[in-house]
Amino acid sequence: MTEKKLLELLHDYKNGNTPEDEIISVLKNFSLHSVEDLNFASIDHARELRQGFPEVVFAAGKTSEQVKKIFKSLHERSKGNLIATRASREQYEVTVAEVPDAKFDEAAKMIYVDRDETIHRDERKKILIVTAGTSDIPVAEEARLTAYLFGNFVETCYDCGVAGIHRLFRNMDKIESANVIITVAGMEGALASVVGGLTDKPVIAVPTSVGYGASFHGLAALLAMLNSCAAGVSVVNIDNGFGAAVMANKINKLSAGN
């Protein structure tokens, strides 16, 4: 149940259009059944009311049957868009048999349902996603699709790393018009500091596991970003495009006065 739906019920009750026993039943059932026990998972159906978006499924490590059952339950008990991250095509094929409107994004490795028709994506609150290289795009696509499904207007600028920094400068108009910027980079992770020094907007840095041996599967980029000399740069975990998008969404919602 969303906050909007709860308010509609309360307004209907206040106006005499919904009987008291129905309101009590709805609230009682919501409180009693907000957590659904599937034995292998406890689904938090109250999260949509608390945070504005249904629980997101982390599909890696789960069987296709488990993903299907969790996703189906969320689909039936919520109204918003749905996401399962780090998903495989096999998991999707099993899930879509039960949730026909589910889609699969190969680059982002996400199963998702885009069904919330109440969303208005404000171009004035743009999230810009910048990658250092083409190899960083899968993580960036996870961030892009997440931010979009959370209700944000998103633009991308891919393969703009410091090895050819003129490519980044060609996109200064996008940087200057963004409300939040997500930088995605592996190797030495220098992109976050460069972008952070070019803008007064918040920058969320995502280190990726792209690089040769001494990059230590993204650890070098992570440490470089944590030690950035550019003020206003925050850092999420290695390859965590989803986490960066959620943080960018929260910044947007605050700056929009929501």
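Here is a short walk through a sheet and a surface patch in this structure. Keep in mind that the model is predicted.

Let's start with the sheet. Strands of a sheet pair through backbone hydrogen bonds, and the pairing can be parallel or antiparallel.

Now look at E6, residues 110-113. On one side, E6 runs antiparallel to strand E4 (residues 82-85), and three bridges join the two. To find your place there, look for Leu82, which stands opposite Val113 in E6. E6 also pairs with E5, again in the antiparallel sense and over three bridges. Here the landmark is Lys103, standing opposite Tyr112 in E6.

E5 and E6 form a hairpin with four residues between the strands, and in this hairpin Lys109 takes a positive phi near 55°.

For a contrasting kind of spot, move along to helix H10, residues 219-226, where you'll find Leu219. This leucine has a relative accessible area of 38%, so Leu219 counts as partly exposed. Leu219 belongs to a nonpolar patch on the surface, together with Phe216, Leu223 and Leu226. Taken together, the four residues of the patch have about 400 Å² of accessible area.

Technical notes:
Residues are numbered from 1 along each chain as its sequence is written. This is a predicted model: local features need pLDDT of at least 70, side-chain atom pairs count only at pLDDT 80 or more; totals for chains, interfaces and linings use all residues. Side-chain values use heavy atoms; hydrogens and water are left out. Patches are made of residues with over 30% relative accessible area and no salt bridge: like charges are joined within 9 Å, nonpolar side chains (Val, Leu, Ile, Met, Phe, Trp, Tyr) within 5 Å. Accessible areas come from the Shrake-Rupley method with a 1.4 Å probe; for residues, only the protein chains shown count as cover. A salt bridge is a side-chain nitrogen of Lys or Arg within 4 Å of a carboxyl oxygen of Asp or Glu. Buried means under 20% relative accessible area, exposed over 50%, partly exposed in between (1.4 Å probe, protein chains only). Two strands pair if DSSP finds at least two bridges between them.
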